[in-house]
Amino acid sequence: MTTVSLSAPAPADAAPVGGFFQAPFAAATYREIGYVLTSLPVAVVGFAFAVSMFAAGAGLVVTVLGLPVLAAMLAGARGLGAAERGRARHGLGLYVEGPEPVARAEGRGFFAAIGNRLLDTAGWKALLFQVLLFPWRLFSFVTTVTIWSVGWAVALLPAYNWVFARYIDGWTGYRVYDFTAGGVRHTYDVTSPVQLAAVSLVGFAIVFLTPKVVRALTSVDRAAVRGLLGR
């Protein structure tokens with residue numbers, strides 16, 4: 001007979017996003033979007049910490065102060081890594097067990113403890129995580145905000161298309177283009193119900209594809225958390 005522990009963590013990627021038609025409205029989708037949006041400021045802090053601490057430690061390594069700074073950098077990287085595992089657990093449904101603690105330098109003095117910290121592979125991997133994920137999270141943030149906002153803005157155009165004709169002189173609806181060629185001005189406004197329906201369908205297509213795009217973007221975060229922040 002198999003025994004299941006009720007206190008055991010859920011398996012990796014436990015958060016469902018629902019079927020294709022449910023995903024744009026599923027709580028798990030918005031948790032993933034929230035994860036991506038909050039990842040950018042977190043990545044900025046992590047990248048700044050990693051670069052500044054490494055530069056300070058490397059610059060002072062010729063003195064006795066450099067090694068403690070680098071050790072503090074790795075300790076801080078471990079702390080940031082633990083926070084990232086927590087964010088991945090709540091935002092992505094990804095459960096990753098943390099690395100083994102740093103070996104203790106029992107009775108061997110301060111510099112032995114510093115040496116153990118500097119040889120901490122998990123700390124260096126956590127530091128690398130902060131450096132490598134920064135550009136990706138910037139890209140993920142811009143992509144997610146763009147596709148999510150554009151999708152809903154286009155999908156809901158029929159609800160607010162009247163605003164353009166009322167408040168912008170010369171517009172009869174949303175203006176797709178406006179240019180002059182050969183002395184002739186060419187414009188195209190979205191006005192008819194058929195046009196609005198077609199535009200709205202395109203927008204909803206983007207809306208329903210957004211969860212897939214976000215899941216693809218966060219797959220990089222999942223792989224990085226597993227590979228650099230776990231055991």
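The legends below describe close-up views of a predicted model.

**View A. Packing of helix α1 against helix α2.** The axes of α1 and α2 cross at roughly 175° and come within 9 Å. Helices α1 and α2 are therefore roughly antiparallel to each other, since an angle over 145 degrees counts as such. Sorted by class, the residues in the contact of α1 with α2 are 17 nonpolar, 8 polar and 4 charged.

**View B. Packing of helix α4 against helix α7.** Helix α4 covers residues 121-155 and helix α7 covers residues 193-229. Their axes lie 8 Å apart, and the packing angle is about 170°. That angle makes α4 roughly antiparallel to α7. The contact of α4 with α7 contains 24 nonpolar residues, together with 8 polar and 3 charged ones.

**View C. Helix α3 and its buried residues.** Helix α3 is formed by residues 110-118. Its buried residues are Ala112, Ile114 and Asn116. The helix against which these buried residues of α3 pack is α2, residues 66-92.

View D. Gln130 lies in helix α4. The relative accessibility of Gln130 is 3%, so this residue counts as buried, the cut-off being under 20%. Apart from neighbours within four places in sequence, Gln130 is in contact with Gly46, Phe47 and Ala50, and also with Leu80 and Glu84.

**View E. Thr143 in helix α4.** Thr143 is another residue located in helix α4. With a relative accessible area of 22%, Thr143 is partly exposed. Once neighbours within four places in sequence are left aside, Thr143 is in contact with Val213 and Leu217. Val36 is 107 residues from Thr143 in sequence, and their C-alpha atoms are 9.8 Å apart in space.

**View F. Arg215 in helix α7.** Arg215 is found in helix α7. Its relative accessible area is 27%, which means that Arg215 is partly exposed. Between Arg215 and Ile33 the C-alpha to C-alpha distance is 9.0 Å, and the two are 182 residues apart in sequence. Ile33 also belongs to the lining of the cavity shown in View G.

View G. Rolling a probe the size of a water molecule over the atoms shows where empty space is left. In this model the count comes to 1 cavity of 30 Å³ or more. The volume of the largest cavity is about 40 Å³. Its lining consists of Pro24, Thr29, Tyr30, Ile33, Trp148, Trp152, Val207, Thr210 and Pro211. Helices α1 (27-60), α4 and α7 each contribute at least two residues to this lining. By class, the lining residues of the largest cavity are 7 nonpolar and 2 polar, with no charged residue.

**View H. Phe21 in the segment before α1.** Phe21 lies in the segment that precedes α1. The relative accessible area of Phe21 is 60%, so Phe21 is exposed. Phe21 and Val102 are separated by 81 residues in sequence, and their C-alpha atoms are 47 Å apart in space.

Methods
Residues are numbered from 1 along each chain as its sequence is written. This is a predicted model: local features need pLDDT of at least 70, side-chain atom pairs count only at pLDDT 80 or more; totals for chains, interfaces and linings use all residues. Side-chain values use heavy atoms; hydrogens and water are left out. Axes are lines fitted to C-alpha atoms, for helices over the stretch in contact, and angles run from 0 to 180 degrees between N-to-C directions. Helices (H or I, at least four residues) and strands (E, at least two) are DSSP runs, numbered from the N terminus. Angles under 35 degrees count as roughly parallel, over 145 as roughly antiparallel, 65 to 115 as roughly perpendicular and the rest as oblique. Ala, Val, Leu, Ile, Met, Phe, Trp, Tyr, Cys and Pro count as nonpolar, Asp, Glu, Lys and Arg as charged, and the others, Gly among them, as polar. Buried means under 20% relative accessible area, exposed over 50%, partly exposed in between (1.4 Å probe, protein chains only). Contact means heavy atoms within 4.5 Å. On a 1 Å grid over the protein atoms alone, a cavity is a set of points where a 1.4 Å probe fits but cannot get out, and a pocket is an open set with protein on both sides within 12 Å along at least five of seven lines; lining residues have an atom within 4 Å of a point. Grid points are joined across faces, edges and corners, and a volume is the space filled by probe spheres set on the points.
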